Amino acid sequence: MTTPTTRRHLGAAAATAAVLLTAACGGTAEGDQTPVATVIDDERCAANEEAGKLTYISGYFYQASVTQLEVFAAESLGYFDAVCLDVEIQGGTGDVMANAQLVSAGTAHFTALSNEAEVVQAAEADHNIIGIATYGHVPISVLLTSPEVESLKELEGQIMGHQSMTPAPLEAMLISEGVDLDKIEQVDAGYDPSILPRDEVQALTAFRSNEPHQLAAMGEEYKEWLPEEFGVVGSFGVMTTSPEFAEANPTVVEDFLRALAKASDYCQGEGNAEECVGYAAELDESGTYDTEHNAKVWATESELVRASTPDDAVNGYIDLNLTEAEVQNLVDNGALESVPDLEPLFDPRYLEAVHVAGDVLWSSDE
């Protein structure tokens with residue numbers, strides 16, 4: 001298949017960037033700390049403002065995950081204001097397909113899915129969305145069992161808990177070990193990992209940045225089964241929008257990603273993670289936000305992003321060769337008959353347009 005790379009439109013992106021290096025959208029009043037993005041001229045600012053209020057739905061409430069914490073920080077640090085975007089943040093409940101449906105319908109404008117396979121699954125469910133950035137290029141999913149389990153085949157006849165559905169990389173891992181999935185009782189188990197040591201389930205699908213930290217804090221022992229150790233390709237942290245919205249508002253999509261890239265750089269800066277997690281805590285109204293745990297979530301996921309991003313690629317790059325290998329997991333486990341045409345489902349142009357020589361373009365002085 002013809003596969004676009006992160007550099008497919010680099011020439012066009014560089015040309016666009018050169019045009020944008022003009023006057024600032026507006027100055028900052030004395031004492032105003034809003035960081036004006038001087039690549040945004042008056043015309044572009046007006047186009048962004050014309051789009052009106054933009055709704056972003058998080059995958060899971062206000063957890064400090066990649067594709068979430070950057071949004072929270074971009075809002076609090078004034079980066080969205082700096083590119084003339086009015087973003088409203090809504091906390092999702094973990095039902096990513098429901099979020100995808102809202103974006104497809106135009107009720108919301110941006111949401112993050114757990115992996116690229118879910119973009120394909122959303123398309124199969126007639127949710128019209130596109131992936132515009134993929135930040136992690138390793139499966140974030142992990143299967144947890146008791147330490148006594150020595151083979152995945154032992155899970156046949158047992159109960160496996162998941163959150164709305166079993167992630168494709170974990171199904172591929174099980175199949176690679178000859179596990180008959182029909183012999184495992186799969187149940188929606190929610191997000192309380194203590195059901196594993198209580199033996200309510202004998203296996204639990206999890207995010208390696210979340211439940212393992214929770215179980216460790218409880219003093220519980222567990223075994224992690226990582227898909228990549230079984231040759232399974234995967235991804236995590238996929239930002240999506242609707243193709244119609246992107247086509248009608250290209251500068252909005254570009255500058256949304258521009259603000260996220262700026263926020264990601266900031267939050268990964270030395271000593272800044274605690275501040276950024278604090279912005280997430282401010283959005284949570286439950287009064288039970290665990291800043292210590294969420295700092296671990298951000299540290300784990302941002303490190304996975306760094307480790308899985310090649311030196312010559314930007315954070316969020318899309319590689320459809322990897323995507324094809326990941327979606328093949330869905331074919332292997334019977335969820336799809338064949339790998340569909342992936343190019344209409346992923347569009348790297350918007351991310352490429354905000355980077356020059358691997359760096360996010362923000363100031364005309366850079």
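**Pockets, cavities and a helix pair**

Reader: How much space lies in the largest pocket?
Author: In this predicted model, the largest pocket holds about 310 Å³ of space.

Reader: Which residues are closest to its centre?
Author: The largest pocket is lined by 14 residues, and Y60, Q63, Y289, H293 and N294 are the closest to its centre. By class, this lining has 5 nonpolar, 7 polar and 2 charged residues.

Reader: And the second largest pocket, how much space lies there?
Author: The second largest pocket has about 230 Å³ of space. Its lining comprises 13 residues, with A261, D265, N315, H355 and G358 nearest the centre.

Reader: Which element supplies the largest share of that lining?
Author: Helix α10 does, with 4 residues. Both α10 (250-267) and β12 (359-360) supply at least two residues of the lining of the second largest pocket.

Reader: How does that lining divide into nonpolar, polar and charged?
Author: The lining of the second largest pocket has 5 nonpolar, 5 polar and 3 charged residues.

Reader: Turning to cavities, how many are there of 30 Å³ or more?
Author: The count comes to 3 cavities of 30 Å³ or more. About 460 Å³ of space lies in the largest cavity.

Reader: What lines the largest cavity?
Author: The largest cavity is lined by 28 residues, and those nearest its centre are Y60, V96, L113, S114 and F207. Strands β3 (110-113), β8 (203-207) and β10 (236-241) each give two or more residues to this lining. Among these, β8 gives the most, with 3 residues. By class, the lining of the largest cavity has 12 nonpolar, 14 polar and 2 charged residues.

Reader: What volume does the second largest cavity have?
Author: The volume of the second largest cavity is about 40 Å³. The residues lining this cavity are V66, E70, Y135, S264, Q268, W298, S302, V305 and N315. Helix α12 provides the largest share, 3 residues.

Reader: On to helices: at what angle do α11 and α12 cross?
Author: The axes of α11 (residues 273-283) and α12 (residues 291-308) cross at roughly 120 degrees and come within 10 Å. The two helices are therefore oblique to each other.

Reader: Is the crossing right-handed or left-handed?
Author: The crossing of α11 past α12 is right-handed.

Reader: Which residues make the contact?
Author: Helix α11 contributes A273, V277 and A281, while α12 contributes T291, N294, A295 and W298. The residues of this contact comprise 5 nonpolar, 2 polar and no charged.

How values were computed:
Residues numbered from 1 in each chain as written. Predicted model: local features only at pLDDT ≥ 70, side-chain atom pairs only at ≥ 80, totals over all residues. Heavy atoms only, no water. Axes fitted to C-alpha atoms, helices over the stretch in contact; angles between N-to-C directions. Parallel < 35°, antiparallel > 145°, perpendicular 65-115°, else oblique. Left-handed = near helix turned anticlockwise from the far one by under 90°. Contact = heavy atoms within 4.5 Å. Nonpolar A, V, L, I, M, F, W, Y, C, P; charged D, E, K, R; others polar. 1 Å grid on protein atoms, 1.4 Å probe; cavity = no way out; pocket = protein on both sides within 12 Å on 5 of 7 lines; lining within 4 Å. Points joined across faces, edges and corners; volume = space filled by probe spheres on them.
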